[in-house]
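I opened this notebook to keep track of what I looked up. The entries follow the order in which I went through the chains.

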Amino acid sequence: MSWKESRLSVLALIPVIILLEAVVYAESKNFEDVRCKCICPPYRNFTGHIYSRNVSQKDCTCLHVVVPMPVPGHDVEAYCLLCECKYEERSSNTIKVTIILYLSVVGALVLYMLFLLLVEPLFRKRDSYTQPLHNEEEAEADRSNTMLERVEGAQQRWKKQVQEQRKTVFDRHKMLS
Amino acid sequence: MEEEDDDVSADPYLPYDGGGDTIPLQTFPNRGSNYVMSNGGGVASSSTHLLDFLEEPIPGVGTYDDFHTIDWVREKCKDRERHRKINSKKKDSAWELSRSLYDAWSGWLVVTLTGLASGALAGLIDIAADWLNDLKEGVCLSAMWFNHEQCCWTSNETTFAERDKCPQWKSWAELILGQAEGPGSYIMNYFMYIYWALSFAFLAVCLVKVFAPYACGSGIPEIKTILSGFIIRGYLGKWTLLIKTITLVLAVASGLSLGKEGPLVHVACCCGNIFSYLFPNLEEVSYYFPLKTLWRSFFAALVAAFVLRSINPFGNSRLVLFYVEYHTPWYLFELLPFILLGVFGGLWGAFFIRANIAWCRRRKSTRFGKYPVLEVILVAAITAVVAFPNPYTRQNTSELIKELFTDCGPLESSQLCQYRSQMNGSKAFNETPNRPAGAGVYTAMWQLGLALVPSGLFIPSMAIGAIAGRIVGIAMEQLAYYYHDWFLFKEWCEVGADCITPGLYAMVGAAACLGGVTRMTVSLVVIVFELTGGLEYIVPLMAAVMTSKWVGDAFGREGIYESHIRLNGYPFLDAKEEFTHTTLAREVMRPRPSDPPLAVLTQDDLSVAELQAVISETSYNGFPVVVSKESQRLVGFALRRDITIAVENARRKQEGIVLTSRVYFTQHAPTLPADSPRPLKLRSILDMSPFTVTDHTPMEIVVDIFRKMGLRQCLVTHNGTLLGIITKKNILEHLEELKRHPELPVISHAPSSFTRLSLRLRPPRRLA
C-alpha cells in the first residue's frame, strides 16, 4: 500500500518538475545574463579597475571591454596583457524559480509544523472525549472511500513512523552520528 | 496446493525439484555415519532456485523487518530466478517481450532519473544555500532572489575598493538605520547576523525533529551500513529526502562550520530509492555492488553532472567546487613541507576522530544528550558571535577554502594576498592567515561534534587542512624571500620570481586532513587531482595523503565513518580489516556450550500450536529445519517473519487450519490419521539451500564468505548434522571480543573439548 502511494506521489512530482523546467526555458536568455568581466591590476600609476560589459563571447577581450582606455595608446598592449578577462553567463530565471520554490516549500513546511504542534492537539483533545481511540484499527483497515479519510489514514501511519524514528534517534541515541 | 506441485515438473526451466523428498532421506542412516554429503547433494541440484516459487506468493513473505540484515545471497538468487522467468517467456507474445524489455531497461531508467534528480537537487541546494548565506548580511533590493554577487552582476563600480558595493545590495544596517558606516551600523549588522543564524539553526532543528528525525547527521555511516545490507526503514524515504534537502541549506546558511557535500550523498541515495519505487520489479538487489551497478552509478554521475552543468547556477560554468590552476612547478625540496603537512593531517585526523567519538559517546550516555535542540542553538549562537568579527569565518566554509586554494591573482581580492604588495617594504604580516586559522580550527572542532542538523565533515576538515597548508606555504614563501641566498633556495628560486605557491600548500594540506579523517587514500588523491586539473602535482598530493594515512593508522585504524558505525553498533563488516586469528567456526557459533540447545523446527511433526510456541518463546530471526529431533539432519532454513506471516495468512485464507493442524515442510503431506485436521504446507517459505560450513572451517574463511557474499547467517554442520548457527552479528561480536582480548581463544583446541562439545549435543552421535 505504502509504496503504491509513494509511487503515485513521485509520478505526480515529475510533471511539476518538467513544468518548472519549461518555465525556465521559455523565458529565454535575459540579455543581462551575460557579461564579460575584465580585472585589470594596478599598472604604473593607474589604480586597479574592474570592467564589465555585455558583449558576445568572441569579443570578450580587454580591447573591447575596457572602453575608456585609461592608458595612452602605446601602453595599451602592455596594460591589456595584465588584464584577465572572463566571459560569464548565468540564468537568473533559474535562480528566481529556485529561490521561490525553496521559500514556498519551507513556508509550507513551517505552516504544517505549526499546525501539527499547535492546532492539532486542541482538535485531538476535543475528539478524544467523543470518540474512543479506534484510529489504529482504522488506519490499518483503510477501507474508507472518501479522499479525506484516506489522507487521514496515511497521515496517521506517517505519524507513527516519525514517532518510531524519533524514538530511535532521540531516546535510544542510536542514530546520532 | 497439490495441483501446483504438478507445475513443478511441468516447468521446463526447473528440471528437477531438488529437495528433501525426491532423495529418499530415510535411507541415509543406513549408509553409515561417514556419509557427509547428505546435505550437499540436495543443494547442488537445487541451486537454480532456492525457494519454491510456484505457489501463490504470500504477501509479505521475503520482506524484512526494521533493523534487520538483508540476506544478499537469497535476494540475488530470487532476482535471477525472476529474470530467468521473464526471459523464458519472452518469445511467447509481444506483451511478454515488452515486459522483458521494460525489465531490462528499468534499472537504467532508474539511474537516469536518479542522476537527474540528484543533479537538480544539488543545483537547488547550491543556489539556495548561497542566497540564504548572504541573507544574513543584507538583501538585494532590485531582485530579492539574488545573492550578493549576483546582485552586483551589472554593477558599474570599477575600483577595487568599491567592488563589493553596489546600490542594489543593501546591508541590514543600511536598511534599518539608514547608514552604512559607523559603530551603530556595525552593531546592527552584528545583531542581524546572529539573529538570522539562530533562526536558521532553530528552523532546521525543528523541521528535523518534527518531520524526519532520520535526516540528522551526515548520513554516510548509515548509508555505508545500508549498502552492506541492513534495513533501516524510512531512512531513505521521501520525507527524509525533503527535510534533508531543506534543512541542509538552512544548516549551511546558519554559519555552522559544516559542509553540504557529505549529506548530498544521503540526498542522492534517497532519490535513487524513491525512483526505484517506480519500478517495483527492481528489487533491493540494486543496492548491491556488482560490476553492473558500477556502470550504472557511473552513468548516474554523468547524468547528474550534465544536469548541474545545464542549470549552471553561477555563471562560471565550473562544475567543481574549487577550480584552481597553478602555473608554477614545484621543486624537490618542497616535498619536505608536503610530508610535514601529511603528518599534520594524520595527527589531526586521529585527534578529530577521537574527539568526535568521545563527544558522541558522551552525548549518548549522559544527560547532556537530552537537549539536542538546545545544543544546536547554543553552538549556533557561539559560532555566530565568534564568527562575525572575522571576515574569514563569516563567509561560507567552501568559499574560504576556495580563497585559500587560489593563488594571488591580479585582483588581490583576498586579504591573504595583502602581504605581497608590502613585500617590497620587507614587511609581511603573517598574522593575517593566522587569524582565520585560530578561529577556523576552533569552530570546526566544536561543530562537528554536533550532529542534529544535517552536517558533513568533508568541508570543515578540508578547511582545517587548507588553513594549515596556507600558513606553511606563506611561511615557506617568506623564508624563500628573506633567505634567498640560502643554498636550497638559491638553486631553485630566482630573486623576484615566486617559486613557492601557497595555494598548492593549502590544497595539499586539505587533502592530507581529509585523508586523515576519512582514510580514503586512492579516491582522495583522484578527487583532489581532478580539482587541480594538472598531473604535475600528483606526487606532492600522494606523498602527503600517504603520510597522513600512515600517521593516522598508527593511532587507530578506523576512519571516522567506520568509528561511527561501530559506535552505533550497526552490523557492518569492514572489508579492509584483516582477520588474523585462528579460531574455528564451532567456537563462534551459537549455541555456546552453556546455552540451551539450538531452537530448530522439524520437517513434518510439528503442529501449528507448537510452531507458534517456538516462535513466541524465542527471539531468533530464523530457524533451521531438520528432518527430526533425533537425527538433526538439516533440511533448510525458515525465517521467523516468513513463518509468522505464512501461518497467519493460512489461518485467515485456508479452511480447516486449526491449532492442532500438522505443519510440514516436505513436498508431500505426511501420512496422518484419518480424523486429524488438514495439514499446513509451508514449503514455499523454506530456504532449501542455506549456506553451511563445517564446524572445522577456520573463521578466516567464514568471515571472508560473509564479507564477500553478503551473507546473513550460516549454519554449522558436522557430518551433515546440524550443530549451530553463525550470524553476521555473532561475527561482529566475535571480532569485538578478539579486539579486546587478542590472545584469548574462546574454546581451547584440545581434542577433549571437542568430544565434550559433541557429547553435549543432543542427537546421539555415531562419530568416533
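**Entry 1: ground rules.** I am working with a predicted model, in which local features need pLDDT of at least 70, side-chain atom pairs count only at pLDDT 80 or more, and totals for chains, interfaces and linings use all residues. Residues are numbered from 1 along each chain as its sequence is written, chains are lettered from A and ligands numbered from 1 in the order in which they are written, and side-chain values use heavy atoms, with hydrogens and water left out.

**Entry 2: chain A.** I looked up the elements of chain A and found six helices and three strands. Helices (H or I, at least four residues) and strands (E, at least two) are DSSP runs, numbered from the N terminus. From the N terminus on, the order in chain A is α-β-β-α-α-β-α-α-α. Of its 177 residues, 32% count as buried; buried means under 20% relative accessible area, exposed over 50%, and partly exposed in between (1.4 Å probe, protein chains only). Among contacts in chain A with a separation of 6 or more, 57% are between residues 24 or more positions apart. A contact here means heavy atoms within 4.5 Å.

I then checked the UniProt record, where an unreviewed entry lists residues 99-119 of chain A as "transmembrane region". UniProt positions are given in the numbering used here, feature names are shortened, and annotations may be inferred rather than shown by experiment. In the model, residues 99-119 of chain A are 100% helix and 0% strand, with end C-alpha atoms 29 Å apart.

**Entry 3: chain B in outline.** I counted 29 helices and 12 strands in chain B. Chain B has 768 residues, of which 54% count as buried. For contacts in chain B between residues at least 6 apart in sequence, 76% join residues at least 24 apart.

The UniProt record (unreviewed entry) gives "transmembrane region" for several spans of chain B, including 105-125 and 331-353. I find residues 105-125 of chain B to be 100% helix and 0% strand, with the end C-alpha atoms 30 Å apart. Residues 331-353 of chain B are 83% helix and 0% strand, and there the end C-alpha atoms are 33 Å apart.

The record (unreviewed entry) also lists "domain: CBS" at residues 589-655 and 686-743 of chain B. Over residues 589-655 of chain B the chain is 36% helix and 22% strand, and the end C-alpha atoms lie 40 Å apart.

**Entry 4: aromatic pairs.** How many aromatic pairs are there over all chains? I get 10. The rule pairs rings of Phe, Tyr and Trp (its six-membered ring) if their centres lie within 6.5 Å; planes under 30 degrees apart count as stacked, over 60 as edge-to-face and the rest as tilted.

One of the pairs is Phe211(B) with Trp239(B), which is stacked at 5.2 Å centre to centre, with 10 degrees between the planes. Phe211(B) lies in helix 7 (residues 183-211) of chain B and Trp239(B) in helix 9 (residues 238-253) of chain B, so the pair ties together parts that are 28 residues apart in sequence. Phe211(B) is buried at 1% relative accessible area, and Trp239(B) is partly exposed at 25%.

Another is Trp348(B) with Phe351(B), a tilted pair at 6.1 Å centre to centre and 50 degrees between the planes. Both residues lie in helix 12 (residues 335-365) of chain B, three residues apart, about one turn of the helix. Trp348(B) is buried, with a relative accessible area of 7%, whereas Phe351(B) is partly exposed, with 47%.

I also noted a cluster in which ring pairs link Tyr112(A), Phe115(A), Phe211(B) and Trp239(B).

**Entry 5: two single residues.** Val303(B) is in helix 11 (residues 291-311) of chain B. Buried or exposed, is Val303(B)? Val303(B) is buried, with a relative accessible area of 10%. Not counting residues up to four places away in sequence, Val303(B) touches Thr112(B), Gly115(B) and Leu116(B).

Glu81(B) sits in helix 3 (residues 72-89) of chain B. At 8% relative accessibility, Glu81(B) also counts as buried.
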